[in-house]
Amino acid sequence: MSTQAKTLEAIKFDRQNIKLDILNQLLLPYSTAYISITTIEDAFQAIKLMQVRGAPAIAIVGAFSVVVDTFNHLQSGKGDKSVKDLIGSLDYLITSRPTAVNLANALNDIKELLASYGETDVVNQEIYDKIYEYAVRLYDEDLANNKRIGENGLNYIVDTLKQQNFKGAFSIITICNTGSLATSGHGTALGIIRSTYEALQRDKSSEDFYLDHVYPCETRPYNQGAKLTTYELDYEQIPFTLICDNMVSSLVNTLGSDKKIKNQQQAPVKFIIVGADRVVRNGDTANKIGTFQLSTIANFFNTNKFGDDKQIKFIVAAPKTTIDLNTATGDEIVIEERPANELTTLVGPQLNQQGKVGEKVTVGVATPGISVWNPAFDVTPHELIDSIVTEDPKVFVKDANGNFTLTK
């Protein structure tokens, strides 16, 4: 199924006919195409290849893939799949993305649903019904929670700016993609940006300040910021300018010195808002590689250069399904490494002078055969995080001793 029409619907699940299609995010922003997921193996490959991405979306696709796989097996009439077989498939699917905790949480929840059955019991309609109910609820709750995250983040931004007695235009930096394409809809970090722009546009804001501009980072190693976040911001008509990951210090310094970018933009950066693939018990957060760098930059300017009115808040936005209370610190998080070719080559369609999209090609950008280190994530220490925004109205902030107290 393919179309050139733009869409922000990353996951299509037909609840009546039990069919799952996911948007192939590797083709964006030049082509819109959906992939049919009929088995757990299909989901494993889509997650591993990053055709679907974003911790909440990965968990939802994983859960729905178990639904369609089980449904199709029951429809086949074979009746030979045991509970032990299904648990083995769930454990296999978890390995497709070890860093993001949402997938493991969802599939472990499904394993809990199977706990009352014996390993040799055959997967039946009763088991299917429980898995279906769980997966649908996971999707619906994620969408509702994303909207709450957006609202809670907006309230935190407004309260922060009022406390700082800030007035006028401000900017936000974000990294990776954390919007509708990475979730069931609306998004986490990008959801906060979406909610903030809707409430604090220059001509609509009832406050003394307004969101003037968003700066998405290009985001290595897979360029989700350049490909997906810009796609969503453009779709929503939110003013933005794409920057490379290594431009952040220069951007913050320039705008913080009341200088202009591109001869027009000069709103200082007041917030860096990022998503999360795992938030552990002390608040350390795993997210797309480069996130740790952003927190370090904010800390440098806050400590050494900016007064109270120009302080930058570093915000982590995530649903509570991303919180992992079983892991004490970020040192225990397994960091996924991507293949070397994702850093040494660029893959994309050829574009002619008329702007028409041609065949996809692979272009080398580095010396062939060199050693490459290509971690997909890094861990931001809790000391550099100002707040963690979830679906709960009460935003997590550190106590007087600099510690977070997280709850599920």
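**Cysteines, a helix and a domain contact**

Hi everyone, let's start with the cysteines: the sulfur of C244 lies 9.1 Å from the closest cysteine sulfur, the one in C217, and that is too far for a bond. A disulfide would need the two sulfurs within 2.5 Å, and the count for this model, which is a predicted one, comes to 0 disulfides. C217 is in no disulfide either.

Next, helix α8, residues 248-256. Its buried residues are V248, L251, V252, T254, L255 and G256. What covers them? The cover includes the strands β5 (168-174), β6 (209-216) and β7 (269-274), along with helix α9 (291-304). Just after α8, D258 has a positive phi of about 65°.

Now to the domains. The assignment gives domain 1 as 11-123 and domain 2 as 152-338 plus 375-397. Domain 1 brings 23 residues to the contact and domain 2 brings 27. Their C-alpha centres are 30 Å apart, and about 2000 Å² is buried between them, with 55% of that from carbon and sulfur atoms. On the domain 1 side, R53, T99 and V101 supply 29% of the area buried against domain 2, more than any other three residues.

And the polar side of that contact? Between the domains there is 1 salt bridge. R97 pairs with E336 in a salt bridge, with the closest N and O atoms 2.7 Å apart. The count of residue pairs in polar contact between the domains is 13. Thanks, happy to chat!

Terms used
Residues numbered from 1 in each chain as written. Predicted model: local features only at pLDDT ≥ 70, side-chain atom pairs only at ≥ 80, totals over all residues. Heavy atoms only, no water. Buried < 20%, exposed > 50% of the residue type's maximum accessible area, 1.4 Å probe, protein only. Helix = DSSP H or I, 4+ residues; strand = E, 2+ residues; numbered from the N terminus. Contact = heavy atoms within 4.5 Å. Domains from an automatic or database assignment. Buried area = accessible area lost by both parts, 1.4 Å probe. Salt bridge = Lys/Arg side-chain N within 4 Å of Asp/Glu carboxyl O. Polar contact = N/O pair within 3.5 Å; in protein donor to acceptor, adjacent residues only side chain to side chain.
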